[in-house]
Amino acid sequence: MNITEEAPVIHHGRNIKIFRKTIDMKQDVLAKKLSDMGARQQDVSRLEKMEVIDDDTLNIVAKALNIDVKLLKEFDPDTAIRNICVVKENTFTDQSYSIGQQIVNPGERMVEVYERLVGSEKEKYSILNDRYSELKFMNDNLIKKIDEVVMNNTRLSEKNVELVASLQTVLEKISNKI
């Protein structure tokens, strides 16, 4: 009797959802990253329900999630869970475990994820700092313009007072002649 293992059916949409949630990204954020495709949150939701997704779309989504496209194409959560269960039976002194032929050290993976998060936060800080500098520059220019307008209005008001005084003088002279 030959027992053959069937290749697991990879659900691309479920993998998108798993990795999107793993990096704590909401559907609407992913949709914004996919805006070149005209994606909306509802489109991401539909995409996550699809079992098979074409390679072009998977490549674009993987890039938006900042992950290797192989994860979306080949990751099988059931197999991963079985492998994790096997880990309990294996005893590695450095707390690493094996998935297929790949040795994975959870500490290294956590450091990698942490470094990516720190990089992302640095990028956000840089963008916010740039925007703050631009807004400060614009605000300073606006204050200068407002000061100029106030000065011009003050000069015009003074001129108006002088004109009114001159008109009163002229009117008084005219009324004295009448």
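**A walk through the predicted model**

Ile174 is partly exposed, with a relative accessible area of 44%. Here buried means under 20% relative accessible area, exposed means over 50%, and partly exposed lies in between, with a 1.4 Å probe and protein chains only. This is a predicted model, so local features need pLDDT of at least 70 and side-chain atom pairs count only at pLDDT 80 or more, while totals for chains, interfaces and linings use all residues. Residues are numbered from 1 along each chain as its sequence is written, and side-chain values use heavy atoms, with hydrogens and water left out.

Ile174 sits in helix α7, residues 106–177. Helices are DSSP runs of H or I with at least four residues, and strands are runs of E with at least two; both are numbered from the N terminus. Together with Val170, Leu171 and Ile178, Ile174 makes a nonpolar surface patch of about 440 Å². Patch members have over 30% relative accessible area and no salt bridge; nonpolar side chains (Val, Leu, Ile, Met, Phe, Trp, Tyr) are joined within 5 Å, like charges within 9 Å. The areas come from the Shrake-Rupley method with a 1.4 Å probe, and for residues only the protein chains shown count as cover.

A salt bridge is a side-chain nitrogen of Lys or Arg within 4 Å of a carboxyl oxygen of Asp or Glu. The whole structure holds seven of them. One joins Glu121 to Lys124, with the closest N and O atoms 3.2 Å apart. Both residues lie in α7, three residues apart, about one turn of the helix. Another joins Asp140 to Lys136, where the closest N and O atoms are 3.5 Å apart. Asp140 and Lys136 are four residues apart in α7, again about one turn. Why does such spacing work? An α-helix has 3.6 residues a turn, so residues three or four places apart point the same way. Glu121 is partly exposed at 46% relative accessibility, and Lys124 is partly exposed at 44%. Asp140 is partly exposed at 31%, as is Lys136 at 42%.

Now turn to helix α1, residues 12–22. Which of its residues are buried? They are His12, Gly13, Asn15, Ile16, Phe19 and Arg20. Seen down the axis of α1, these buried residues fall within an arc of 160 degrees, so they line one face of the helix. The arc is that of the directions from the helix axis to the C-beta atoms. The face turned away from the buried side of α1 carries the exposed residues Lys21 and Thr22. After α1 comes Asp24, whose phi is positive, near 60 degrees.

His12 belongs to α1 and is buried at 11% relative accessibility. Leaving aside residues up to four places away in sequence, His12 touches Met50, Glu51, Val52, Ile53, Leu58, Leu72 and Lys73. Contact means heavy atoms within 4.5 Å.

Phe19 brings in the aromatic side of the model. The structure holds one aromatic pair. Phe19 and Phe75 form this pair edge-to-face, 5.2 Å centre to centre, with 70 degrees between the planes. Phe19 lies in α1 and Phe75 in the loop between α5 (69–74) and α6 (77–89), so the pair ties together parts that are 56 residues apart in sequence. Rings of Phe, Tyr and Trp (its six-membered ring) pair if their centres lie within 6.5 Å; planes under 30 degrees apart count as stacked, over 60 as edge-to-face and the rest as tilted. Phe19 is buried at 12% relative accessible area, whereas Phe75 is partly exposed at 24%.

Helix α3 spans residues 41–49, and its buried residues include Val44, Ser45, Leu47 and Glu48. They cover an arc of only 160 degrees around the axis, which puts them on the same side of α3. What covers them includes α1, α2 (27–33) and α4 (55–65). Lys49 is also found in α3, but Lys49 is exposed at 64% relative accessibility. Lys49 and His11 are 38 residues apart in sequence and 8.6 Å apart in space, C-alpha to C-alpha.

One more set of charges remains. Asp43 forms a salt bridge with Arg40, the closest N and O atoms being 3.5 Å apart. A network of salt bridges links Arg40, Asp43 and Arg46. Asp43 is partly exposed at 22% relative accessible area, and Arg40 is partly exposed at 47%.
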